[in-house]
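Here's a quick briefing to read alongside the model. Have the sequence open as you go.

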Amino acid sequence: MNQLTVLYDASCHLCCRARRWLENQEQYVPLRFVGAATDHAKREFPYLDPEDTLQELTVVGDDGSIYRGAKAWVMCLWALVDHRGKALTIVSPALLPSARRFIDWVSRNRR
């Protein structure tokens with residue numbers, strides 16, 4: 001994987017802070033950010049439902065793979081030099097369900 005595109009809600013204060021944090025981290029895999037449901041996103045990813053991308057973080061790999069919610073966050077961490085180990089831990093069968101519940105809760109309550 002040479003690049004990940006992160007579709008995020010550009011009107012959400014928490015989402016924008018997360019973007020800035022991710023951008024300031026050293027990256028193994030470059031993260032490119034595109035506002036979810038924008039004309040740009042709709043042109044580049046016509047196969048994604050714009051409303052779905054506004055509801056939960058969506059990451060698209062340059063190989064066409066699509067990650068949503070907790071798995072999208074794991075992929076963002078996996079791309080970072082200082083956090084890849086955490087991503088590999090979170091994705092374990094023992095922890096992923098808890099991570100999924102936490103990310104779902106944050107997504108529902110972010111506004």
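Let's start with Val-6: not counting residues up to four places away in sequence, it touches Leu-31, Arg-32, Phe-33, Val-34, Leu-57, Thr-58, Val-59 and Cys-76, where contact means heavy atoms within 4.5 Å. Keep in mind that this is a predicted model, so local features need pLDDT of at least 70 and side-chain atom pairs count only at pLDDT 80 or more, while totals for chains, interfaces and linings use all residues. Residues are numbered from 1 along each chain as its sequence is written, and side-chain values use heavy atoms, with hydrogens and water left out.

**Nonpolar cores**

- A nonpolar core here is a set of buried Ala, Val, Leu, Ile, Met, Phe, Trp, Tyr and Cys residues joined through side-chain atoms within 4.5 Å; buried means under 20% relative accessible area, exposed over 50%, and partly exposed in between (1.4 Å probe, protein chains only).
- The largest core has 20 residues, and Val-6 is among those with the most contacts inside it, along with Leu-4, Leu-31 and Val-59.
- S1, H1, S2 and H4 each supply at least two residues of this core, and H4 gives the most, with five.
- There's also a second, separate core of seven residues, including Leu-7, Ala-41, Leu-48 and Val-60.

**Leu-48**

- You'll find Leu-48 in the loop between helix H2 (39-44) and helix H3 (50-55); helices (H or I, at least four residues) and strands (E, at least two) are DSSP runs, numbered from the N terminus.
- Leu-48 counts as buried because its relative accessibility is 7%.
- Leaving aside neighbours within four places in sequence, Leu-48 is in contact with Leu-7, Thr-53, Thr-58, Val-60, Ile-66 and Arg-68.
- Leu-48 and Ile-66 sit 18 residues apart in sequence, with their C-alpha atoms 9.4 Å apart in space.

**The sheet and its helices**

- Four strands make an open sheet in the order S2-S1-S3-S4, with mixed pairing; two strands pair if DSSP finds at least two bridges between them.
- S2 and strand S4 (66-68) are at the edges with a single partner strand each, so one side of each has no neighbour in the sheet.
- On average, neighbouring strands of this sheet are turned by 25° against each other, direction ignored; axes are lines fitted to C-alpha atoms, for helices over the stretch in contact, and angles run from 0 to 180 degrees between N-to-C directions.
- S1 and S2 pair in the parallel sense over five bridges.
- H1 packs on the sheet, touching S1 and S2, and its direction makes about 160° with that of S2.
- Helix H4 (residues 70-78) lies across S1, S2, strand S3 (58-61) and S4, running at about 110° to S4.

**Thr-5**

- Thr-5 belongs to strand S1 (residues 4-8), and its bridge partner in S2 is Arg-32.
- The side chains of Thr-5 and Arg-32 also make a polar contact (3.0 Å), meaning a pair of N or O atoms within 3.5 Å; within protein, one must be able to donate a hydrogen and the other to accept it, and residues adjacent in sequence count only if both atoms are side-chain atoms.
- Thr-5 counts as buried, at 5% relative accessibility.

**Cysteines**

- How many disulfides are there? The count comes to zero, with a disulfide taken as a pair of cysteine sulfur atoms within 2.5 Å.
- The sulfur of Cys-76 is too far for a bond, because the closest cysteine sulfur, in Cys-15, is 11 Å away.
- Cys-76 is buried at 0% relative accessibility, and Cys-12 is buried at 3%.
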